[in-house]
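The questions below go through one protein model, from its fold to its surface. Each answer ends on the value or name asked for.

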Amino acid sequence: MHALISYFASLDSPGVYLGWGAFQIQFGNLIVILVMILLFALALFLPFPSGRKRP
């Protein structure tokens, strides 16, 4: 686990880039975008908690 954290936390390395044709994105930014999309989808589809009903 420490190796994984140090891999993502090291700022000395140039980073990992992924490319598809003319599109290129850094791996860390891709992870952030995917998590944001996941949270947005969860916010849309999870039921909104209803408050207590007043008597």
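Two strands pair if DSSP finds at least two bridges between them. Helices (H or I, at least four residues) and strands (E, at least two) are DSSP runs, numbered from the N terminus. This is a predicted model, in which local features need pLDDT of at least 70 and side-chain atom pairs count only at pLDDT 80 or more, while totals for chains, interfaces and linings use all residues. Residues are numbered from 1 along each chain as its sequence is written, and side-chain values use heavy atoms, with hydrogens and water left out.

Q: Where in the protein is confidence lowest?
A: pLDDT is the predictor's confidence in each residue, from 0 to 100. The protein has a mean of 84, and 82% of its residues reach 70 or more. Helix 2 has the highest mean, at 95, whereas the lowest, at 68, belongs to helix 1 (residues 2-9).

Q: Which pattern does the protein follow along the sequence?
A: The protein contains two helices and two strands. Read along the sequence, their pattern is α-β-β-α.

Q: Over how many bridges do strand 1 and strand 2 pair?
A: Strand 1 covers residues 17-20 and strand 2 residues 23-26. They form a hairpin with two residues between them, and Gly 21 in the turn has a positive phi of about 70°. Gly 19 stands opposite Gln 24. The pairing is antiparallel, and the number of bridges is four.

Q: Which residue in strand 2 is the bridge partner of Trp 20?
A: The two strands form a hairpin. Across it, Trp 20 has as its bridge partner Phe 23.

Q: What is the angle between the planes of Trp 20 and Phe 23?
A: Rings of Phe, Tyr and Trp (its six-membered ring) pair if their centres lie within 6.5 Å; planes under 30 degrees apart count as stacked, over 60 as edge-to-face and the rest as tilted. By this rule there is one aromatic pair. Trp 20 and Phe 23 form this stacked pair, with 6.0 Å centre to centre and a plane angle of 20°.

Q: Is Phe 23 buried, partly exposed or exposed?
A: Buried means under 20% relative accessible area, exposed over 50%, partly exposed in between (1.4 Å probe, protein chains only). Because its relative accessibility is 46%, Phe 23 counts as partly exposed.

Q: What is the relative accessible area of Leu 46?
A: Leu 46 lies in the segment after helix 2 (27-45). Leu 46 counts as exposed because its relative accessible area is 53%.

Q: How far apart in space are Asn 29 and Tyr 17?
A: Asn 29 lies in helix 2. Asn 29 and Tyr 17 are twelve residues apart in sequence, and their C-alpha to C-alpha distance is 9.5 Å.
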